[in-house]
Structure formats: C-alpha cells, structure tokens
Amino acid sequence: MIQHHLLLSATATRRDLDDPATITAVADVIPDLQTLELLHALSIADGEATGRAAWTDWKASLVAELVKRVELAITDNTVAQQPELTEDQRVKADSGKLSVSIENRESVYAIEIVIPDSTGILSTVAGVLNLLRLDVRSARTKSVGNSAVMEWIVIPDPNAPTLDEAKLHEEIIKALKSRSTLSERIQARIDAYAELPTIPVPDPIVETFLDAATDATIIEVRSHDRPALLFGIGDTITRSSVDIRSAIVTTLGAEAIDTLYVTEIGGGPLTPERADEVAMRLRAALK
C-alpha cells in the first residue's frame, strides 16, 4: 500500500499524465477502485502534512487528474459486478427486519443496513445519511428475497451529530413513514448549497448496458459529486417506475461513479426504449 501511494504521488507530473504507458503502469499495480480512493486520500493527507511549500494547489490538481485517468484505465468500461453477500447478511435478510450496525473507524463510519425492500429504498436511506451530514464515499447494495442489504462507507462533516445505531435506526423509520417530508428536507439542503459559489463542472455521463446482465439493465452514472447526489439519482429512477435491485457506488475525489442494476417494477430488464427514457431523465435531473 505504501509503495502504491508513493507511486501515485511521484507519478503526478504533467509529462507523465500525458503518457498512456505511465497511466497503464500505475493502473496495473492498483487492484481496484476502492484502493485507488484510499491512495488518493493518503496522498492528500501526506501532501498537506508537508506544508504549502511542497503541497500546492497545482500538485493537488495533478494528483486528482492522475487518479481520474487511472480510474478510467482500471474500469476500462467494465461494469462493476453485483456485490456478494455473506451468510450472516443472508440470515439477517431472511428475518425481514430492519437491522443497523455501525463501525466507527476514526474518521469514517462503516455502516451495514439490512432493511425490508421496497421501491425507492436506496434513495430513502441515502437521503437519511445526507440529512445526518454523512458524505457517502462508497456503497454496495443488493436486494435478496424481500430485503435489501446495504454497506456504506461515509465520512461525517464537521457539523455532523454523533452517530449511533439507535439514532440511525430511528431516522430510517421516520423516513419510511413520510418520504415526502424527507424529500422536502433534502431539497431545502440542496437549495442552501445552491446559494454557495460554484465552479463549472462537466455534464454527467449516463450509459446503459442492455446485455451485461441477464435479469436486469445496468445504468452507469458518472458525475461530479454534490450534496444528495445518490438521493437524486435514486429518486429519479423511482419516479420512472423502475426498481433498483443492486447498486455499486464509488466516490473518487470529486467524482462519483454509480452502477445500478435496475428492473421494471414487476421484474425483468428494461427495453432499449425504456432504458433510453430513464437515461434521458437522469441526464436532465443531474444538470
């Protein structure tokens, strides 16, 4: 891990960024996107510890650009696979009850949520985490039977309240009872952020894959990260009368990659026309 971190930082020069062979070499020694995300965070922390003389905005931008290009080299348009569940998770899912567990890892929380499945459940839970001022760095969700199993890695912002399992359990129950109230509270937060100065960002990229899974259609969204992004994506898909059966979410620096396995509400993949319709709605909602 340390060697990979040094390689990531040392490679971030403008000349090397323009060399495809260098990008490929870095991608070859980094096994997955999660490791790349950790290395990026480690490079930032290490750079900031050296002081502004060594860690300039220019250096930070080069590292961020390197991460983005290595990310593309790792994925190479390969769709993320649905997560596998542990035996313990399957037992919890079979119970059909809401289960919440939190592991405090100093600066991040690892959260497992097993919850009775329903249309829009991903956006509901993502919305709860947003209101608790938790920034989603990665997520893995999968529906099994009548339950959804979710694993979240989140970072609390400086003003986030202390998180415990009872509090999160309570907030999820409240959100399930009144999803309209949840949407209103999240919209208020989005409106507040909209008043802050912003910088231009690229338009989101939404792609559909019709033949990559036998029982679902895959939608991949690549977007600049922003408050309640996952809630907005999930809400738009739900409003399209489409069900999210599984999701793999990764945030790398300021960019988010969301891979969603979706079906019609009654089951089965989307037709090409329906897939195009949902993709168009996502592009419009994320602009």
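Q: How do α7 and α10 run relative to each other, roughly parallel or roughly antiparallel?

A: Roughly antiparallel. This is a predicted model, and in it the axes of the two helices cross at roughly 155°. Angles over 145 degrees count as roughly antiparallel, so α7 and α10 get that label.

Q: Which residues do α7 and α10 cover, and within what distance do the axes come?

A: Helix α7 is residues 121–131 and helix α10 is residues 229–239. Their axes come within 8 Å.

Q: Is the crossing of α7 and α10 left-handed or right-handed?

A: Left-handed.

Q: Which residues make the contact?

A: From α7, Leu122, Ser123, Ala126 and Gly127 take part. The α10 side contributes Leu230, Phe231, Gly234, Asp235 and Thr238.

Q: What does that contact look like by class?

A: Between α7 and α10 there are four nonpolar residues, four polar ones and one charged.

Q: Staying on α10, is arginine 239 buried or exposed?

A: Arginine 239, which lies in helix α10, is exposed, because its relative accessible area is 61% and the cut-off for exposed is over 50%.

Q: How far is arginine 239 from threonine 119, in sequence and in space?

A: The two are 120 residues apart in sequence. In space, arginine 239 and threonine 119 are 9.8 Å apart, C-alpha to C-alpha.

Q: What does β6 pair with, starting with β5, and in which sense?

A: Strand β5, residues 205–209, pairs with β6 in the antiparallel sense over five bridges. In that pairing, glutamate 207 stands opposite glutamate 220 in β6.

Q: And how many bridges does β6 have with β8?

A: Eight, again in the antiparallel sense. Strand β8 covers residues 255–264, and leucine 260 in β8 stands opposite isoleucine 219.

Q: Now the whole protein chain. How many helices and strands are there?

A: The protein chain has 11 helices and eight strands.

Q: What share of the residues counts as buried?

A: 45% of the 287 residues in the protein chain.

Conventions. Residues numbered from 1 in each chain as written. Predicted model: local features only at pLDDT ≥ 70, side-chain atom pairs only at ≥ 80, totals over all residues. Heavy atoms only, no water. Axes fitted to C-alpha atoms, helices over the stretch in contact; angles between N-to-C directions. Helix = DSSP H or I, 4+ residues; strand = E, 2+ residues; numbered from the N terminus. Parallel < 35°, antiparallel > 145°, perpendicular 65-115°, else oblique. Left-handed = near helix turned anticlockwise from the far one by under 90°. Contact = heavy atoms within 4.5 Å. Nonpolar A, V, L, I, M, F, W, Y, C, P; charged D, E, K, R; others polar. Pairing = 2+ DSSP bridges. Buried < 20%, exposed > 50% of the residue type's maximum accessible area, 1.4 Å probe, protein only.
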